[in-house]
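Keep it brief and give the cut-offs.

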Amino acid sequence: MAGSLFDQLKKSGLVNDKKAKQVQREKQQQSKQNRANKAKKGQAVVSEAAQLAAKAAQEKAEHDKQLNLQRQQEQIEKAKKAELVQIIESNSLKDFNGDMAYNFADGSVVKTLYVNPKTHKQLSIEALRIARFKDGYALISVEAAEKIMQRDESVLIGAVASDDTMSQEDKDYYAKFEIPDDLVW
């Protein structure tokens, strides 16, 4: 009983050559279709994987773009701060220390700077401004204060608000009276 099942069926007369060729063709076509289906499934899997990879790449690019924008904003802020420091350092008054107390409000806290009489008068008429600098305060000119205001107003201490409730006539009347130099508020 050597030989394949096909040969044995042929000898017994159950299968003829025509029928055998037809079965063989069908088998080949079926195997061809199976290979094509497997290739299509593989392509579908590959395309699905490619879509996922493309989506991940797009998300990564968006994330990188956001990080880049954040870094640029941080660099801009850092440059502004460096500019402010340079403006304050180059325009700050050096020899203003004295024995006269000048009180000013920093937020809700009243602070005191001891200044000389000339500086006290300039602060009173708002020819000088006070700026927060490092861990203390610096006195700067009005021109420098305007430059600082363009970059960051929060560095400057608010100017003393003048009382505009008096009429011009009252102001002229009180201007006649001189305030004594020894009077300290």
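The report below goes from the overall fold to single residues.

**Basis**

This is a predicted model, in which local features need pLDDT of at least 70, side-chain atom pairs count only at pLDDT 80 or more, and totals for chains, interfaces and linings use all residues. Residues are numbered from 1 along each chain as its sequence is written, and side-chain values use heavy atoms, with hydrogens and water left out.

**Overall fold**

The chain has five helices and four strands. Helices (H or I, at least four residues) and strands (E, at least two) are DSSP runs, numbered from the N terminus. Read from that end, the order is α-α-β-β-α-β-β-α-α.

Of the 185 residues in the chain, 16% are buried. Buried means under 20% relative accessible area, exposed means over 50%, and partly exposed lies in between (1.4 Å probe, protein chains only). The chain exposes about 15,400 Å², and carbon and sulfur atoms supply 53% of that area. These areas come from the Shrake-Rupley method with a 1.4 Å probe; for residues, only the protein chains shown count as cover.

Contact means heavy atoms within 4.5 Å. Take the contacts between residues at least 6 apart in sequence: 42% of them join residues at least 24 apart.

**Strands 1 and 2**

Strand 1 (97-106) pairs with strand 2 (residues 109-115) in the antiparallel sense, over eight bridges. Two strands pair if DSSP finds at least two bridges between them. A101 stands opposite Y114 in strand 2. The hairpin has two residues between its strands, and G107 there takes a positive phi near 75°.

**Salt bridges**

A search of the whole structure finds four salt bridges. Each is a side-chain nitrogen of Lys or Arg within 4 Å of a carboxyl oxygen of Asp or Glu.

| Pair | N to O distance | Sequence separation |
|---|---|---|
| R151 and E83 | 2.8 Å | 68 residues |
| K134 and E89 | 3.7 Å | 45 residues |
| D106 and R132 | 2.5 Å | 26 residues |

What does the bridge between R151 and E83 tie together? R151 forms a salt bridge with E83. R151 lies in helix 4 (residues 142-151) and E83 in helix 2, so the pair ties together parts that are 68 residues apart in sequence. R151 is partly exposed, at 26% relative accessible area. E83 is also partly exposed, at 32%.

K134 and E89 meet through their side chains in a salt bridge. This pair links distant parts of the chain, with K134 in the loop between strand 3 and strand 4 and E89 in helix 2. K134 is exposed, with a relative accessible area of 66%. E89 is partly exposed, at 39%.

D106 forms a salt bridge with R132. Here too the pair links distant parts of the chain: D106 is in strand 1 and R132 in strand 3. Is D106 buried or exposed? D106 is buried, with a relative accessible area of 16%. R132 is partly exposed, at 32%.

Most residues other than glycine have a negative phi. Two residues here are worth a look.

E126 has a positive phi of about 60° although it is not a glycine. E126 sits in the loop between helix 3 (117-124) and strand 3 (128-133). Its relative accessible area is 35%, so E126 counts as partly exposed.

K134 has a positive phi of about 55°, and K134 is not a glycine either. Its loop runs between strand 3 and strand 4 (136-141). K134 is also the residue that bridges to E89.

**The loop at S92**

S92 lies in the loop between helix 2 (17-91) and strand 1. S92 is buried, with a relative accessible area of 18%. Its side chain makes a polar contact with the side chain of K94 at 2.9 Å. A polar contact is a pair of N or O atoms within 3.5 Å; within protein, one must be able to donate a hydrogen and the other to accept it, and residues adjacent in sequence count only if both atoms are side-chain atoms. S92 also touches A138, L139 and I140, not counting residues up to four places away in sequence.

**A nonpolar surface patch**

M166, Y173, Y174 and F177 form a nonpolar patch on the surface, with about 430 Å² of accessible area together. Patches are made of residues with over 30% relative accessible area and no salt bridge; like charges are joined within 9 Å, and nonpolar side chains (Val, Leu, Ile, Met, Phe, Trp, Tyr) within 5 Å. Y173 belongs to helix 5 (residues 168-175). Y173 is partly exposed, at 43% relative accessible area.
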